[in-house]
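I opened my notebook and looked through this protein chain. My entries go from the whole chain to a single residue.

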Amino acid sequence: MIRYTVFILFGTVRLPIEICSEDTIYQVKQQIEKLENLVFKIKPKDQVLMLGQKEFQDNLKVSESKIYSKDKIRLIQKVEGKIQIFIIEVDRGNKSTAIIIEPSATVLDLRKQYCNKTGLEEELRFSFKGHELENKHTLEHYEIQGGSTIHLFARVYGGL
């Protein structure tokens, strides 16, 4: 049985947590629910834990899930009928903001929600998998799912 520290990433929050190689993922989720540094408690059934694109299954042990010391595990909150996505501000030090939104929402809806949450009102470009997102299309159109990361760039005008 090995004990070590990993980091739980939730939006811009990065929390260290000590886990044991014999813990199940569900037990890790129970520990996360008890963390005092989270603004609100997230029940284990409403948590998704991911490393890269890999989602961890509740019944597997940490050792079976190949989680290692100092890994950065992303915590995604499930909300019925909605998804949680992350927006990374590329031009502002890669700051990450979590947004909970319906998959049928348009990019314009996402833009408005993001601006309301962050206070940014300037022209912004959203990019997903190397494609700039158009306001009129839905998140489903771009195959954006829960846990997806959208990159944000400031719009630059002019040129040669």
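Predicted model: local features only at pLDDT ≥ 70, side-chain atom pairs only at ≥ 80, totals over all residues.

Entry 1, elements. I counted two helices and ten strands in the protein chain. Both are DSSP runs numbered from the N terminus: helices are H or I with at least four residues, strands are E with at least two. From the N terminus, I read the order as β-β-α-β-β-β-β-β-α-β-β-β.

Residues are numbered from 1 along each chain as its sequence is written, and side-chain values use heavy atoms, with hydrogens and water left out.

I looked up the box around the C-alpha atoms: roughly 60 × 35 × 25 Å along the principal axes. Of the 160 residues, 40% count as buried (under 20% relative accessible area, with a 1.4 Å probe and protein chains only). I then checked contacts (heavy atoms within 4.5 Å). Among those between residues at least 6 apart in sequence, 53% join residues at least 24 apart.

I picked Leu-152, which sits in strand β10, residues 149–154. Is Leu-152 buried or exposed? Leu-152 is buried, because its relative accessible area is 2%. Which residues does Leu-152 contact, leaving aside neighbours within four places in sequence? I listed Ile-87, Ile-88, Glu-89, Val-90, Asp-91, Tyr-114, Leu-124, Arg-125 and Phe-126. For Phe-126, I noted a C-alpha separation of 4.8 Å from Leu-152, although the two are 26 residues apart along the chain.

Definitions and conventions: Buried < 20%, exposed > 50% of the residue type's maximum accessible area, 1.4 Å probe, protein only.
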